[in-house]
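Have the model open beside you as you read.

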Amino acid sequence: MKRTTLSILMLVSVVLLAQATPRNLYEQLCEVNQEWYKHRAIAQKMGLVKAKPLKHEQDLLSFHIRTLEQIFRQRPIDHLNPAQQRQRRQHLQVLNKYWQLRNCPRNYYLPYRNPVFIDHEGRYCAVGYLMLKSGKGKFCKAVQKNSNFIYIRQIKSAEFDVWQTQSGLSIDELAWIQPGYDPLIKLEQIHKLGVNRRPRFVDSLQATKIYDTRFDRADMFGFQRMFWGTAFRRERALKKYKKYKGKPNWEALRKTHGSINALAVYQGTLYTAVDTSMVTPADSAAPVIKIVKWHSQKKWVVVHKIIEPKIKRNHRSMIYTFFSNRGKLYAGGGFETPYNENTKPSSVTHSYLICFNGRSWQKVNQEYGGIIFGLIYKNGKRYLGTVVNGMAGYTRAPIHSKIKTNK
């Protein structure tokens, strides 16, 4: 009973601190990995309690791994057999190379800080990287497929237990290594789109009750990876849109307009947002933003396009999602602007939103502070999801509110 009460009190204190802005580097590291709470004495001795917080996520993650490598190298290993000692030294050398890469996973998936074993772009977490380099790549892929957001202590596998024992690293050390990654996603409670407002972003505790990880995997990245596979996969992707009965010519779309970024069926019509970079010459102006529909006469018709010649190819607006709200169809996405004298040293991620009123598409002149990837309905409320680029030095565009109350 005492242990349970203590655990609850620790959890409450962790949650409360996680919601506050870290005052020093130690508190910041506690957000990255709660195992740091157990080692405050070590942090105090290393001067972390008085050190200033780091500004960029990859700097923080790299510092976390580098510091643990330093701590682990100073620990006695007499209790380990020669094979375990050898493996431990090798793993710490791999860890040294890992933090120098500065290429940890990005948390595009959850609106709260959490481990990501392997992200969708192929970046491994620190423990996953250790396993990969010791011949456990197949095991890592299985974790990614079945439980990508799992904590090390939650892994129940005989294969993992054997690897951990042979590694020379204790389960406590591996759990301390595994970071939680800062969310690139934010959920803003929205009453009405396109109006001036003071944004209300939900905190981590609320987000766990709102956001379903399967939403992101099925809708945000699913179409881009599977759509140009077999015809069977394309048709399976359309099953969720049961009202649509047409048979679009996907190959004609790809050759004429480009690759699909998003897809929707609205009032019985199939709409796609396409990335025209595949069919735009590299030496031409920036590719066109296009929304194309499949016409009843069995042809693709462009219903909306915007040419942005002043925006560089890598910083043009893109549409990544469709969603409906209050009877209207929306297409959302965003763009990034490179740093300048006003934004140094960061690049800025902006939102892009257009609305179809049944006759024409109109741009929504409101900033939502990130690339829009969807609208989530939960318990009668609406939450707009936005994501920011996961590279170091990227920040969200500021949201300028002219009102004093939420709408």
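## The model and the chain

This is a predicted model, in which local features need pLDDT of at least 70 and side-chain atom pairs count only at pLDDT 80 or more, while totals for chains, interfaces and linings use all residues. Residues are numbered from 1 along each chain as its sequence is written, and side-chain values use heavy atoms, with hydrogens and water left out.

The chain holds 14 helices and 12 strands; these are DSSP runs numbered from the N terminus, with helices being H or I of at least four residues and strands being E of at least two. Of the 407 residues in the chain, 48% are buried. Here buried means under 20% relative accessible area, exposed means over 50%, and partly exposed lies in between (1.4 Å probe, protein chains only). Among contacts between residues at least 6 apart in sequence, 59% join residues at least 24 apart, where a contact means heavy atoms within 4.5 Å.

His64 has a relative accessible area of 0%, so it is buried. Leaving aside neighbours within four places in sequence, His64 is in contact with Leu29, Val32, Asn33, Trp36, Trp176, Ile177 and Pro179.

## Helix α5

Helix α5 runs over residues 82–101, and its 20 residues should span 28 Å at 1.5 Å a residue; the end C-alpha atoms are 29 Å apart, which agrees. The expected span is 1.5 Å times one less than the number of residues. Just after the helix, Arg102 takes a positive phi of about 50 degrees.

The buried residues of α5 are Gln84, Arg88, His91, Leu92, Val94, Leu95, Asn96, Tyr98 and Trp99. What covers them includes α4 (57–73), α6 (126–133), α8 (158–167) and α9 (171–177). As background for reading such a list, an α-helix has 3.6 residues a turn, so residues three or four places apart point the same way.

## Where α5 crosses α8

Two packed helices are described by the angle between their axes and the distance between the axes. For α5 and α8, the axes come within 7 Å and cross at roughly 95 degrees. Axes are lines fitted to C-alpha atoms, for helices over the stretch in contact, with angles from 0 to 180 degrees between N-to-C directions. The two helices α5 and α8 are therefore roughly perpendicular to each other (65 to 115 degrees counts as roughly perpendicular, under 35 as roughly parallel, over 145 as roughly antiparallel and the rest as oblique).

Which residues meet here, from α5 and from α8? Gln84, Gln87, Arg88 and His91 in α5 meet Trp163, Thr165, Gln166 and Ser167 in α8. By class, the residues of this contact divide into 1 nonpolar, 6 polar and 1 charged. Ala, Val, Leu, Ile, Met, Phe, Trp, Tyr, Cys and Pro count as nonpolar, Asp, Glu, Lys and Arg as charged, and the others, Gly among them, as polar.

## Helices α6 and α7

Helix α6 is mostly covered, with 6 of its 8 residues buried: Ala126, Val127, Gly128, Tyr129, Leu130 and Met131. These buried residues pack against α4, α5, α7, α8 and α9. Just after α6, Gly135 has a positive phi of about 90 degrees.

The axes of α6 and α7 come within 7 Å and cross at roughly 145 degrees. Gly128, Met131 and Leu132 in α6 meet Gly137, Phe139 and Cys140 in α7; this contact has 4 nonpolar, 2 polar and no charged residues. Gly137 lies in α7 (residues 137–147) and is buried, with a relative accessible area of 19%.

Most residues other than glycine have a negative phi. Gln267, in the loop between β2 (259–266) and β3 (269–275), has a positive phi near 50 degrees, and at 67% relative accessibility it counts as exposed. Asn379, in the loop between β10 (371–378) and β11 (381–387), has a positive phi near 55 degrees and counts as exposed at 72%.

Pro183 sits in the loop between α9 and β1 (185–190). Its C-alpha atom is separated by 7.9 Å from that of Arg106, 77 residues apart along the chain. Not counting residues up to four places away in sequence, Pro183 touches Asn107, Leu110, Pro111, Tyr112 and Arg113.
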